[in-house]
Amino acid sequence: MPQELVPENNIPDLRPIEANDEDSDQPQQEGIDGPVESSMSADDENIMFNRLARRRAPRSKRDDLHPYTQTLVISEVDSCNIIEEATFPPQERASKEKIQYRIRVCPELTLGIYTSHTGSDIATASTSAPVYSGAPERKQVLLGHIIATKTTNAVVTDDDMAIPSPDSPPDATPGHKELGRTVCIHSLAVLPKFQGQGLGKTLIKAFVARLQVQDVAERVALIAHEHLVPFYTALGFESQGPSKAQFGGGGWIDMVQQISAPGIGDD
Ligand SMILES: CC(C)(COP(=O)(O)OP(=O)(O)OC[C@H]1O[C@@H](n2cnc3c(N)ncnc32)[C@H](O)[C@@H]1OP(=O)(O)O)[C@@H](O)C(=O)NCCC(=O)NCCS
């Protein structure tokens, strides 16, 4: 069940203290039974307190989002479609039909990153569901997603990027392979307005961590354009060189990360 993770009235105030406030009046620090004894003078304590306070990271745009991740559900196809249209050129984006197929056959290989939001200024707000019944105006708004399937191949092929047609036999080549040991990421995308805040990085790290715990695959693979190779390398993927996949016009690099599943009973 969707959850409200951080109540609005319980958000810590992490605003940095101004640089020139060392001489400002600070209330004397008190313990449970009265003032705490200290060998420092009150002035020295104030200076030290203000220096420590300034070292705290400034509040970022991401702090306000309180992002959280969870697997996608079929009712979120429209939100995913909005994200695909906002982030990929037409020849590279997944169709609504493909999104629907992938969430339906292997929802455990999907992950969404969300914020709880009451406004309508986020592209996916209109297609989002309420967070909880007590506050229907507050929605669980999708900001980014990962959508994947499994393959018996070691890297992503064009057949993996395709989906079976409705009249295909069950053993048809395209689409998800339940017995495959390679997870193919078809889509990693974050709404443009929320890019550059670490959400893409969080999605990949959370997704790989889940795969490790679920022990459902030996590796995770994707095809990427050259400019994103450093992004994926920094997240533990290795380049395997040019891909044979011609999806969306080709020109892809195969990226693979081995998954070391913790064995049962491991510490
Ligand atoms: C690629 C994408 C998912 C990254 O998401 P994001 O939330 O913007 O990325 P993050 O903020 O988590 O960035 C993490 C790091 O990657 C770097 N990075 C992000 N996008 C990058 C890009 N296009 N090229 C190179 N580096 C990039 C960031 O500088 C950051 O580095 P840092 O940790 O040293 O600061 C997002 O830009 C996107 O949706 N792009 C359009 C769709 C797409 O191309 N998807 C990938 C398909 S293979």
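This is a predicted model: local features need pLDDT of at least 70, side-chain atom pairs count only at pLDDT 80 or more; totals for chains, interfaces and linings use all residues.
Reader: How many helices and strands does the protein have, and what share of its residues counts as buried?
Author: The protein has 267 residues. Its secondary structure consists of seven helices and 10 strands. The share of residues that count as buried is 28%.

Reader: What percentage of the contacts in the protein with a separation of 6 or more comes from residues 24 or more positions apart?
Author: The contacts considered here are those with a separation of 6 or more. Among these contacts, the part that residues 24 or more positions apart account for is 74%.

Reader: What length does helix α6 reach from its first C-alpha to its last?
Author: Helix α6 covers residues 199–214, 16 residues in total. At 1.5 Å a residue, 22 Å is expected, and the span in the model is close to that value. From first C-alpha to last, α6 reaches 22 Å.

Reader: Why do the buried residues of α6 lie on the same side of the helix?
Author: The buried residues of α6 are Gly 200, Leu 203, Ile 204, Phe 207, Val 208 and Leu 211. An α-helix has 3.6 residues a turn, so residues three or four places apart point the same way. On the other side of α6, Ala 209 and Val 213 are exposed.

Reader: Which strands do the buried residues of α6 pack against?
Author: The residues concerned include Leu 203 and Phe 207, both buried in α6. The strands that the buried residues of α6 pack against are β3, β4, β6, β7, β8 and β10.

Reader: Which residues of β4 are buried on each of its faces?
Author: Eight of the eight residues of β4 are buried, and the strand is mostly covered. In a regular strand the side chains alternate between the two faces of the sheet. In β4 both faces are covered, with Thr 110, Gly 112, Tyr 114 and Ser 116 buried on one side, and on the other Leu 111, Ile 113, Thr 115 and His 117.

Reader: Which residue of β6 stands opposite Tyr 114?
Author: β4 is joined to β3 by three bridges, and the two run antiparallel. In β4, Tyr 114 has Tyr 68 opposite. β4 also pairs with β6 in the antiparallel sense, over eight bridges. In β6, the residue opposite Tyr 114 is Leu 142.

Reader: Which residue of β10 stands opposite Ile 223, and which opposite Ser 239?
Author: β10 pairs with β8 in the antiparallel sense over six bridges. Three bridges join β10 to strand β9, and these two also run antiparallel. Opposite Ile 223 stands Asp 254, and opposite Ser 239 stands Met 255.

Reader: Which elements do the buried residues of α3 pack against?
Author: In α3, the residues Ser 79, Cys 80, Ile 83 and Glu 84 are buried. They fall within an arc of 140 degrees seen down the axis, so they line one face of the helix. The elements that they pack against are α4, β6 and β7.

Reader: Is Asp 215 buried or exposed?
Author: Asp 215 follows α6 and lies in the loop between α6 and β8. Its phi is positive, near 55 degrees, in a residue other than glycine. Because Asp 215 has 12 C-beta neighbours inside 10 Å, where 12 or fewer is the limit, it counts as exposed.

Reader: What separates the C-alpha atoms of Glu 218 and Ser 260?
Author: Glu 218 is found in the loop between α6 and β8. Residues up to four places away in sequence aside, Glu 218 touches Arg 181, Thr 182, Gln 258 and Ile 259. Glu 218 and Ser 260 are 42 residues apart along the chain, and their C-alpha atoms are separated by 7.1 Å.

Key: Residues are numbered from 1 along each chain as its sequence is written. Helices (H or I, at least four residues) and strands (E, at least two) are DSSP runs, numbered from the N terminus. The expected span of a helix is 1.5 Å times one less than its number of residues. A residue is buried if 20 or more other C-beta atoms lie within 10 Å of its own, exposed if 12 or fewer, and partly exposed in between; C-beta atoms are placed from the backbone. Two residues are in contact if their C-beta atoms, placed from the backbone, lie within 7 Å. Two strands pair if DSSP finds at least two bridges between them. The arc is that of the directions from the helix axis to the C-beta atoms.
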